[in-house]
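What holds its parts against one another?

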Amino acid sequence: KDPIQSGTSITDNSGNFYLTQFIYPNETYTALLNANMLTTVIGEKKFKNNNEISNNEIIYDQNSTLPSGARQYSERQNYKINTTFDTYDNKGNLVSYKDSDGIYTTILYGYNQTLPIAIIKGTSYSGLAQELNFPTNDVSEYLNLEIVKKSNLDVNPSTENTLITELDNFRKQLNFGGSSYKITTYTYDTLIGVTSVTPPTGMTQKYIYNSVTNKLEKIVDKD
């Protein structure tokens, strides 16, 4: 039996037949094949009653195992590149991308590069590097930011509050001088999930979990 799932299908109560087809690398995806990434889904086509209604594709350069963008088609629009993946860090985390409107977003990772702690809409990574006065040609430079260092040390409510303060200072630093970046920051309990989110408004919300089940109980304003 073929271990690669070719797709899924379902018929709804009205008799409509829905089919989803998964697309895998062919011989043109040299790097993926050489890395034995044969089961990597690079696209997904959806049909309703045998009529294609959407087609999503992850774009790979021939010599890279990291995606360079994404393309989407629906019955209401033509093919277009929706997202261009611009920069990755040394752990393969996507650090910067550009959407179909040409707007860049930069993502900074903390907790030993496992989780996003700051999402900055309105700048590429190189633009952010220039803003913060560190080299633009070395993506690992962001690991020296205080927000990253503080996140690596975040293990309890006290260190979390220290990190939140540092994230707020980071936000103020970037917006000093009238920059129009939209910044969202996050903290986590790495064994449970997100513990706080601060959107561009600057109003932090805390996520409270049950101490026994670790299930989310409520979301409250920090202050």
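Apart from its neighbours within four places in sequence, Ser 124 is in contact with Ser 96, Tyr 104 and Thr 106. This is a predicted model. Ser 124 lies in the loop between β9 (115–121) and α2 (125–132). Its relative accessibility is 12%, under the 20% limit, so Ser 124 counts as buried. The side chain of Ser 124 also makes a polar contact, at 3.1 Å, with the side chain of Ser 126.

The next topic is the nonpolar core. In soluble globular proteins, nonpolar side chains tend to be buried together. Here the largest nonpolar core has 33 residues, and the members that touch the most others are Leu 108, Ile 120, Tyr 142, Leu 145, Ile 147 and Phe 170. Leaving out residues up to four places away in sequence, Tyr 142 touches Asp 89, Val 95, Leu 108, Tyr 109, Gln 113, Tyr 125, Phe 134 and Val 148.

The aromatic rings can be taken as pairs. A pair of aromatic rings is described by the distance of the centres and the angle of the planes. The structure has five aromatic pairs. One of them joins Tyr 29 and Tyr 60, with ring centres 6.4 Å apart and 80° between the planes. The 80° angle is over 60 degrees, so this pair counts as edge-to-face. Tyr 29 lies in the loop between β2 (17–23) and α1 (30–34), while Tyr 60 belongs to strand β4; the pair therefore ties together parts that are 31 residues apart in sequence. Tyr 29 and Tyr 60 are both buried.

Tyr 186 and Tyr 188 also form an aromatic pair, with 6.4 Å from centre to centre and 20° between the planes. That angle is under 30 degrees, so the rings of Tyr 186 and Tyr 188 count as stacked. Tyr 188 is buried, at a relative accessible area of 12%. Together with Tyr 111, Tyr 186 and Tyr 188 form one aromatic cluster.

How many salt bridges does a search of the whole structure find? The search finds five. Among them is the bridge between Glu 57 and Arg 71, whose closest N and O atoms are 2.9 Å apart.

Glu 146 forms a salt bridge with Lys 149, the closest N and O atoms being 3.9 Å apart. These two residues are three apart in helix α3 (residues 146–152), so about one helical turn separates them. Glu 146 has a relative accessibility of 35% and counts as partly exposed; Lys 149, at 38%, is likewise partly exposed. Glu 146 also meets Lys 150 in a salt bridge, at 2.9 Å from N to O. Glu 146 and Lys 150 are four residues apart in helix α3, which means that they are separated by about one helical turn. Through shared partners, these salt bridges join Glu 146, Lys 149 and Lys 150 into one network. Lys 150 is partly exposed, with a relative accessible area of 23%.

Definitions and conventions
Residues numbered from 1 in each chain as written. Predicted model: local features only at pLDDT ≥ 70, side-chain atom pairs only at ≥ 80, totals over all residues. Heavy atoms only, no water. Salt bridge = Lys/Arg side-chain N within 4 Å of Asp/Glu carboxyl O. Buried < 20%, exposed > 50% of the residue type's maximum accessible area, 1.4 Å probe, protein only. Polar contact = N/O pair within 3.5 Å; in protein donor to acceptor, adjacent residues only side chain to side chain. Contact = heavy atoms within 4.5 Å. Core = buried A, V, L, I, M, F, W, Y, C linked by side-chain atoms within 4.5 Å. Phe/Tyr/Trp six-rings, centres within 6.5 Å; stacked < 30°, edge-to-face > 60°.
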